Amino acid sequence: MKSKFRGEDPRVPGFVDRHFAPPLRVMFIGAHPDDPDVRCSGFARTLVEAGHRVRFVAVCNGDKGHQFMDSPDLARRRYGESRKVIETLGIEAYVVGDTPDCEAEPSLPLRRWVTRVIREFGPHIIVTHRPNDYHCDHRATATLVQDATYLVGVPLWCPDVPVPDVIPTVFFMGDRFTQPTPFRPDFVIDVSRHEDVIVDTFACHESQMFEWLVPEHGASLDDVPPASDVEGRRAFVRKTALHLVADYAHAFSDSVEQAYPGRHPKLVEVYEKSEYGRTPVQAERDLLTSLGGVWIDSTESKWTQVK
């Protein structure tokens with residue numbers, strides 16, 4: 001039988017230790033177009049600047065998040081906004097699925113879709129939502145990634161796309177939820193120097209940052225500068241939306257102080273290592289450290305090693 005692996009079986013113990021070499025491939029999988037951007041733009045930009053490969057993925061097409069537009073027009077608009085992010089952030093692709101908002105579920109068709117998206121890129125690291133989250137699409141996306149992570153290495157599952165040369169490790173993007181367990185910052189990275197790029201990336205999502213999410217950011221639509229006032233709109237996003245990133249420095253202040261004693265960085269992003277997927281090898285951890293990130297008590301005993 002013809003092998004369904006691209007090369008050697010990547011599940012063999014020590015495979016990544018023997019074969020790992022930059023560039024790192026990192027895939028950020030969110031539920032909607034803007035989810036990876038809001039929580040991970042700084043880390044993504046850091047990776048891009050260092051020459052690593054980055055892709056964003058949205059499982060849903062973003063067709064529900066608006067007060068006034070209808071779904072077909074909104075889906076097209078949000079796809080266009082994701083194209084702007086590619087250019088602004090410098091990532092190589094932004095994959096947007098065709099699942100309508102509020103309809104993501106851990107179904108077999110979506111499990112196959114997520115598996116194929118992962119295999120086609122072969123990421124060393126996947127970043128996604130935690131399974132406990134306020135939004136049903138976020139929770140479903142977390143489950144889909146969790147389910148697909150092991151199946152990526154099963155050659156007779158979705159055999160039309162060969163198993164890549166690496167089984168991914170999985171990180172969770174930062175959040176403030178506490179039930180059933182609070183977020184645990186395993187990896188902290190200072191992204192303060194990317195503040196302008198983060199603001200510009202947020203601003204690419206005009207339908208969200210200047211319309212749909214404005215009330216959730218504590219403002220009124222009457223407060224939004226007109227589209228002709230580019231700098232005014234950037235200032236508006238900096239004031240209303242950037243707190244989503246800035247809040248991590250406060251919410252996880254003990255970990256941030258441990259990572260950057262006495263520095264008090266303005267903007268940090270935090271990531272939790274999932275028990276699912278592969279444990280990152282030392283070369284990967286060292287590479288992320290070289291980018292300015294810090295591992296917090298990242299001991300092997302705390303993580304489950306997939307054998």
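Student: Which element gives the largest share of the lining of the largest pocket?

Tutor: That is α9, with four residues. This is a predicted model, where local features need pLDDT of at least 70 and side-chain atom pairs pLDDT 80 or more, while totals for chains, interfaces and linings use all residues. Numbering runs from 1 along each chain as its sequence is written, and side-chain values use heavy atoms, without hydrogens or water.

The largest pocket has a volume of about 700 Å³ (the space filled by probe spheres set on grid points joined across faces, edges and corners). A pocket is an open set of points on a 1 Å grid over the protein atoms alone, with protein on both sides within 12 Å along at least five of seven lines; lining residues have an atom within 4 Å of a point. Of its 26 lining residues, R39, Y134, H138, L213 and E216 are the closest to the centre.

Now the helices (DSSP runs of H or I, at least four residues, numbered from the N terminus). α2 (35-49), α7 (206-212) and α9 (243-251) each supply at least two lining residues.

By class, this lining has ten charged residues (Asp, Glu, Lys, Arg), eight nonpolar (Ala, Val, Leu, Ile, Met, Phe, Trp, Tyr, Cys, Pro) and eight polar (the others, Gly among them).

Notes
1 Å grid on protein atoms, 1.4 Å probe; cavity = no way out; pocket = protein on both sides within 12 Å on 5 of 7 lines; lining within 4 Å.
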